[in-house]
Structures are given as C-alpha cells and as structure tokens.
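Subject: Structure handover

Hello,

Please find below the structure I said I would pass on. My notes on it follow.

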Amino acid sequence: MLQEKVRILIVEDDPDMAELISDLVEAEGWQPVTAGSAEEAARLLEHESVHLVLVDHNLPGTSGRAFAQRLRAQASVGIVMVTAAGSATDRVLGLETAADDYVVKPFEPIELTARMKAVLRRTVPSLKQEREGDREQQPSSSLRLGDWAVDLKGRHAVCLVDRSRTLTTAEFALLEILAERPNVPVSRAQILDRLGAESDRYVDRNVDVLILRLRRKIERNPDLPRHIQTRRGKGYVLHTDDAEPAL
C-alpha cells in the first residue's frame, strides 16, 4: 500500500457516489476533498493543492472532460476520469484529451484504488521510488528524440520547435519506461507492470492508446514512426537519435 499521505480531489455531483469514493480514499489512508461541480473544483484548486483529481465525466455546467482539459493545461497533477459512457470511443477520447486513466461505472472498489495508485506512482516522485528497485538498469540522464529534448533525471521533456507542446504524466511515464532499455523491445506486460496497473480489464487497450498519443507528439511522421516502433510479438522499442536502430 502507498504510505505517503496524499490528497485526492473528488469532483462528483452525486452525493452518494462522492461519499462512496471518499470512503475508499480514506480506507487507503489518503485525504479526500470533494467538489460537486467543475466550477467548485476550480475555485478550490485556487488555494489548495492536491496530488490527484478524480473527475466524473458528466457534470452539471462544465463537463468533466472540459474541466480535465483545462486542468491539464494549467498543472501536472494526475487525472482519473470516472465515466458511465460505455463505448470504446468515449473511453479512448477521454484518454486522448487529458486524463491519465479512466474508470467506467459501475466499478469495483479494487479497480478504482488500483488505478489511483498507478497514477500516483507516476506523478508523485516519493511514491514512484517504491518501484525503483525493479529497474534492470539506470537510464541515461538525457535523450534527443527528433524535435524533443528529454531530461529523465529531472522528469522534463521540451519540444524545441514548439514550447507549447507538452507530455502528460502518463505519456512521460511510458517514455521513461521505454527509455530505460533503448533499442530493446518492452512488452505490454512489462509496461503494465511498471505503470502499476494491478488488475484491469482495459489495460492492454490503454497501452496502445498511450503509444498512439506519444507517437503523435514525438514523431515527425506518426504513421512512419522512427523513434517508437512496434516489434510484432515482442512489444515496443525506443530508438534515440544517438543510437542505431535495432535489427
């Protein structure tokens, strides 16, 4: 279990659901903070800091997805979308726009807490250290990927031709995992293990979505990726500008 006391903002207009999620958060030793709308949540964040935001897709007034997009542009906090939408299109759209992960209602408590833990490990450095012992080798401190300069030690990526382009916490976490073993394929199972997705019926699809998102940002031609390539039956492999492609 994650030991650090963390604050979770729950943006949910259904009082019963908000209470249920708050109970789950408290059971993990975390501190819940609730808001009934995106507007209330925005006001709260003006003077309070949180480690993760759990936001319902369907909110009165500003939608949860619009709020998540606005929040992503302003802060690097982890975001988990809670949605009742059943279609794959809605779920993938939520990931592509702003959220680091999503949970579909009705959900199992263990699934929700597992997803929150996974995002917290990626976004809170002190929690991320719990998984450092799993690494086979330390990555290089910096990478050059086309128009991008990546500082792995500082956990920072900059697009040199357009500083307004940024990576989400989930995208950077995926890039970090691939960068630990450049030119060596990393399987979906290995990626999921490192992301902390303990039990998840949609995780395979999430990895594919994250790869797609990362390629769209990193690659000059996402349809013909140079840096993030697929190895059939083996997984994904990262090639940096100063390394020869794997055969």
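The helices and strands named here are DSSP runs, numbered from the N terminus; a helix has at least four residues and a strand at least two. Please keep in mind that this is a predicted model.

With that numbering, N183 falls in the loop between α7 and α8. Its phi is near 70 degrees, which is a positive value in a residue other than glycine. N183 has a relative accessible area of 22% and is therefore partly exposed, as buried means under 20%.

The loop between β5 and α5 is the place of P106. The peptide bond that runs from K105 to P106 is cis, with omega near -10 degrees. K105 also belongs to a network of salt bridges, together with E12 and D56.

Salt bridges

Side chains of opposite charge can pair when their charged atoms come close. The count for this model is ten salt bridges. Three pairs are described here.

E48 and R7 form a salt bridge in which the closest N and O atoms are 2.2 Å apart. This pair links distant parts of the chain, 41 residues apart: R7 is in strand β1 (residues 7–11), and E48 is in the loop between α2 (38–45) and β3 (52–56). R7 is buried, at 17% relative accessible area, whereas E48, at 29%, is partly exposed.

D101 pairs with R115, and here the closest N and O atoms are 2.5 Å apart. D101 sits in strand β5 (residues 101–104) and R115 in helix α5 (residues 109–123), so that distant parts of the chain, 14 residues apart, are linked. Are the two partners buried or exposed? D101 has 7% relative accessibility and counts as buried; R115 is buried too, with a relative accessible area of 2%.

R213 and E171 meet through their side chains in a salt bridge of 2.8 Å, N to O. R213 is part of helix α9 (residues 203–218) and E171 of helix α7 (residues 169–179), so this pair ties together parts that lie 42 residues apart in sequence. R213 is buried at 4% relative accessibility, and E171 is buried at 2%.

In soluble globular proteins, nonpolar side chains tend to be buried together. In this model the largest nonpolar core has 28 residues, and V150, L178, I191 and L238 are those with the most contacts inside it. Two or more core residues come from each of β6 (142–145), β7 (148–151), β8 (156–159), α7, α8 (188–195), α9 and β10 (235–238). Which element gives the largest share? That is α7, with eight residues.

Strand β10 also contains G235, which counts as buried at 14% relative accessibility. Its C-alpha atom is separated by 9.1 Å from that of Q190, a residue 45 positions away along the chain.

Surface charge

A patch of negative charge on the surface is made up of D13, D14, D16, E19, D23 and E26. One of these, D23, is in helix α1 (residues 15–27). D23 has 44% relative accessibility and so counts as partly exposed, since exposed means over 50%.

Regards

Definitions and conventions
Residues numbered from 1 in each chain as written. Predicted model: local features only at pLDDT ≥ 70, side-chain atom pairs only at ≥ 80, totals over all residues. Heavy atoms only, no water. Patch = residues over 30% accessible without salt bridge, like charges linked within 9 Å, V, L, I, M, F, W, Y side chains within 5 Å. Areas by Shrake-Rupley, 256 points an atom, 1.4 Å probe, with all protein chains shown as cover. Salt bridge = Lys/Arg side-chain N within 4 Å of Asp/Glu carboxyl O. Lys, Arg positive; Asp, Glu negative; His and termini not counted. Charge placed at Lys NZ, Arg CZ, Asp CG, Glu CD. Buried < 20%, exposed > 50% of the residue type's maximum accessible area, 1.4 Å probe, protein only. Core = buried A, V, L, I, M, F, W, Y, C linked by side-chain atoms within 4.5 Å.
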